[in-house]
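Work through the exercises below with the model open. Each task is followed by a stepwise solution.

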Amino acid sequence: MTNILDDYALMSPLRHKNNWLKLTIVLFGLLVGVSSTSPITPLFIALCMSFTTVALGRAPLKLYLKLLLAPVGFAFTGVVIIAFFSGSGQEILSFELAGYPFSVKADGLELALLVLSRSLSGMCCLYFLSLTTPMIELFAVLKASRLPESLIELSMLIYRYIFVFLDMAMSIKYAQTVRLGYSNFRRSLSSIGMLGSTLFIRSWEQGDKLFLAMNSRCYDGKMTLFEVNRPVRAVELLLTSAYFLSALALFYFTKNISIV
Amino acid sequence: MIILETRSLKYTYPDGTAAVQGINIEIKKGKKIAFVGQNGSGKSTLFLLLNGTLKPQEGEILFHGAPFKYDSKSLREIRKSVGIVFQNSDDQIFAPTVYQDVAFGPANLGYSKERVDACVQHALEHVGLSRLKDKPPHHLSGGQKKRVAIAGVMAMEPEVIILDEPLSNLDPVGADEIMDLLNEFNHFGSTIIISTHDVDLAYRWSDYVYLMSNSKLIGQGTPAEVFKEQELLKKAGLRQPTTLEIYHEIERRGLAYGKNSPKTIPDLVNTLKPLDLMWVEVPPGVREGDNLNLGVMYGEYATQSPYEAINATVLHIHPDGRAIVELKRKGIKAGGVLLYDTDNYSLPEVRQIITEGEIAFVGAMGKKSKTLAEQDGIRLDVTTGVIDKSILMALCGKRCLILTAGGMVDHALKRTREYVEKSGIEFTVGVVNREGGCKWLEETDEKSGALKI
């Protein structure tokens, strides 16, 4: 079985919490993190969100770090460039490489740190959402946000059949591998082509079968979606408000502070 | 009462393949029907016709005596009453969670939210999947998916349930659970129609069998009638059921007698009993045809249970005063099959019954009972083919306890009683924790005397 992010979200104990609460937390984190002018607030948000995801949401720490590594790697290369090539003022570090002078200035470093912390906080917020809220919980949210019904129904069906076709693709690939379909580059190309075309035909057929299955259970053009009622508990509300307030306070008091 | 009927039904696919030709069937309410035939013999197409999904080019289908109409309102009625479970569960389960999939049918019938919820809870509880209701289908095993598919159809409370190859791709335990479920639905009055190429299944499970071959109906009747016809089976590309085949072989060698077409292994074992003859010294004055009471025997003379009361019919008297008699045995302390209804379950009671009732063998039928036993650490000796195995143990003089619930209690009771009646071998059968149920404590043995022979 393949383990995708959605599988961890399905197993997370935070899955059964109110979806709107989780969305509010994420949205708040994103907005405050991006609008903050010092790197301290975003770092605080990133720390809080990571703690919630790993400790309360029971996401495996190793997986979480691995997931963070990819975007942080990207952000880091960008940040290095910003640090060297922007800003003015006091020089903190300077050296010469192959005749070219390189120097890091105070302003540049400040900006670089801000960018890094902002992107980190954004990533942590989004990972919090994707590791605690599986797709199947989000359908109700989509519905409540007045998106067209057919779009939601389509996305529900697509979600279900992603896994059917994933299984199908993997078994086809396996069948091809055991008959040496991927033994060299040319064969790999033709094998992957066959896989694609077979998958297309299968999905076409599956559509027919799906219609048949829905029809035989009195389908009348509408899939009813039942939202599970999940009241926000007092403890959750309290924790969230505490988090919001401390983040806002931090935001306010650190707005003119520079750490370099 | 006939619930579904077809008259010279004909259907040809757009590409010219004739899938169903001139089929006449009458399906009676509350029966278990099996359509048996090779792959591609037209079973699946026939099912889609019965459900109103396909429209026949010729002939008609009648539901409760009224011909199918193909406008959308009538079709809704038919599809509500005739539920169909497809062979591949992935074709049928399309919603992102188990709950939503099972709720799909009832919601389409326009039920209120509360009623839909009640239907879904009931259906999921029935198939033993309440705990998995928020799972996405790709996290389920094949057997669980099948049960979700069945629950999805059950939630609409159809009168007829059609299952296309219900046991394909299932392991033996999973298959057994599905068959238990079907028996239970049947017990509550649903008519069940399955298609299969498993002759053993059709033979032991169904009340009535239709044989299909090359899109035509080539035979029908009770399983005993249909599977006797070797030629017919050959024509359909099928073989005889194993039980029947073994029986015929034993019969040909003169080792079995009397019984017609044993369906289960206990039935088969029962046919092995040869005519019970014995040399006995008889007092003068006894004549051929007289009945003798030989009293109670035990040890090597008691063949079927530890103690037996034996009556004998004198067949022939030898001049030297000895006679050949045919023995009729009646077990006194035979084994028994006790049923325990887990709807009123209490662990201390079960433990007491097991220890004090000298229960040597415990089985469980149905998901609910199995889960209960597992939770409370009751050791189960058997979880598949429970009734058959319990009967076999009872025949060996052991006492068995079967934990089960709901309609399966009565089903098991009926099956076991039928066996006792048919075989003439007496053993205790009953439900222990029910009003007027049978006693589970052994009555103290009367002093049994042996008779000198």
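Two strands pair if DSSP finds at least two bridges between them. Helices (H or I, at least four residues) and strands (E, at least two) are DSSP runs, numbered from the N terminus. This is a predicted model: local features need pLDDT of at least 70, side-chain atom pairs count only at pLDDT 80 or more, and totals for chains, interfaces and linings use all residues. Residues are numbered from 1 along each chain as its sequence is written, while chains are lettered from A and ligands numbered from 1 in the order in which they are written.

**Exercise 1. Find the partners of strand 8 of chain B.**

Step 1. Take strand 3 of chain B: it pairs with strand 8 of chain B in the parallel sense over five bridges. Here B:Phe35 stands opposite B:Ser195.
Step 2. Turn to strand 7 of chain B, which also pairs with strand 8 of chain B in the parallel sense, over five bridges. B:Val160 faces B:Thr191 there.
Step 3. Strand 7, helix 7 (residues 172-187) and strand 8 of chain B form a right-handed β-α-β unit (with the strands pointing away from the viewer, the path from the first strand over the helix to the second runs clockwise).

**Exercise 2. Is strand 8 of chain B buried or exposed?**

Step 1. Apply the cut-offs: a residue is buried if 20 or more other C-beta atoms, placed from the backbone, lie within 10 Å of its own, exposed if 12 or fewer, and partly exposed in between.
Step 2. Count: six of the six residues of strand 8 of chain B are buried.
Step 3. Sort by direction. B:Thr191, B:Ile193 and B:Ser195 point one way, B:Ile192, B:Ile194 and B:Thr196 the other.

**Exercise 3. Describe the side of chain B that touches chain A.**

Step 1. Count contacts (C-beta atoms, placed from the backbone, within 7 Å): 26 residues of chain B meet 24 residues of chain A.
Step 2. Find the sources. Helix 2 (72-81), helix 3 (89-92) and helix 4 (98-108) of chain B each supply at least two residues. The largest share, five residues, comes from helix 4 of chain B.

Notes
Contact = placed C-beta atoms within 7 Å.
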